[in-house]
Amino acid sequence: MSYTVKTKGIMCGHCEAKVESALLKVAGVTDAEADHETNVVKVECSDGVTADAVKAAIEGASDTYEVLEVTED
C-alpha cells in the first residue's frame with residue numbers, strides 16, 4: 001500500500017528529513033520520501049495505515065507543514 005501526499009511548507013532538505021523521520025515512527029510505515037521541490041511525499045506502508053495517520057505525522061512534524069491532499073496509490 002502506498003500514499004502520495006501533496007503538501008505545503010516543506011522548504012528544504014532539513015524539512016524533508018523531519019517529515020520522513022516523523023512518518024517512519026508511524027507503525028506500519030516502511031518507507032517515506034519527501035521532495036521539497038515538488039511538495040510531494042511518497043509513503044510506503046502496510047495495510048492498516050490510514051491517510052489520517054499519515055496526515056497527522058506530517059503536520060505534527062512542524063507547525064508550518066500542511067497536508068493539502070492524500071491519495072492512495
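**Exercises on burial, contacts and helix packing**

Val29 counts as buried because its relative accessibility is 10%; the cut-offs are under 20% relative accessible area for buried, over 50% for exposed and in between for partly exposed, using a 1.4 Å probe and protein chains only. The model is predicted, so local features need pLDDT of at least 70 and side-chain atom pairs count only at pLDDT 80 or more, whereas totals for chains, interfaces and linings use all residues. Residues are numbered from 1 along each chain as its sequence is written, and side-chain values use heavy atoms, with hydrogens and water left out.

**Exercise 1.** Locate Val29 in the secondary structure and list the residues that it touches beyond its sequence neighbours.

*Solution.* Step 1: Val29 belongs to strand β2, residues 29-35; helices (H or I, at least four residues) and strands (E, at least two) are DSSP runs numbered from the N terminus. Step 2: with residues up to four places away in sequence not counted, Val29 touches Leu23, Leu24, Val43, Glu44, Cys45 and Val49, where contact means heavy atoms within 4.5 Å. Step 3: for Cys45, the C-alpha to C-alpha distance to Val29 is 4.1 Å, across 16 residues of sequence.

**Exercise 2.** Describe how helices α1 and α2 cross, and identify the residues that make the contact.

*Solution.* Step 1: the axes of α1 (residues 13-24) and α2 (residues 51-60) come within 8 Å, with a crossing angle of roughly 140°. The axes are lines fitted to C-alpha atoms, over the stretch in contact for helices, and angles between N-to-C directions run from 0 to 180 degrees. Step 2: the two helices, α1 and α2, are therefore oblique, since under 35 degrees is roughly parallel, over 145 roughly antiparallel, 65 to 115 roughly perpendicular and the rest oblique. Step 3: the contact is formed by Val19, Ala22 and Leu23 from α1 together with Val54, Ala57 and Ile58 from α2. Step 4: sorted by class, the contact of α1 with α2 holds six nonpolar, no polar and no charged residues.

**Exercise 3.** Characterise the surroundings of Tyr3 and of Thr4.

*Solution.* Step 2: Tyr3 is buried at 5% relative accessibility, and Thr4 is buried at 13%. Step 3: apart from neighbours within four places in sequence, the contacts of Tyr3 include Val49, Thr50, Ala51 and Val54, and those of Thr4 include Val40, Glu69 and Asp73. Step 4: a polar atom of the Tyr3 side chain lies 3.3 Å from the backbone nitrogen of Ala51. Step 5: the side chains of Thr4 and Asp73 are joined by a polar contact of 2.6 Å; such a contact is a pair of N or O atoms within 3.5 Å, within protein one able to donate a hydrogen and the other to accept it, and residues adjacent in sequence count only if both atoms are side-chain atoms.

**Exercise 4.** Determine which backbone nitrogens lie by the side chain of Asp35.

*Solution.* Step 1: Asp35 is part of strand β2 and is partly exposed, with a relative accessible area of 30%. Step 2: a polar atom of its side chain is 2.8 Å from the backbone nitrogen of Glu37. Step 3: for the backbone nitrogen of Thr38, the distance to a polar atom of the Asp35 side chain is 3.4 Å. Step 4: leaving out neighbours within four places in sequence, Asp35 contacts Glu16 and Val40.

**Exercise 5.** Examine the loop residues Ile10 and Asn39.

*Solution.* Step 1: Ile10 sits in the loop between β1 and α1, and is buried with a relative accessible area of 3%. Step 2: neighbours within four places aside, Ile10 contacts Cys15, Glu16, Val19, His36, Asn39, Val41 and Tyr65. Step 3: Asn39 sits in the loop between β2 and β3 (40-45), and is partly exposed with a relative accessible area of 25%. Step 4: Asn39 has a phi near 60°, a positive value in a residue other than glycine. Most residues other than glycine have a negative phi.

Terms used
Ala, Val, Leu, Ile, Met, Phe, Trp, Tyr, Cys and Pro count as nonpolar, Asp, Glu, Lys and Arg as charged, and the others, Gly among them, as polar.
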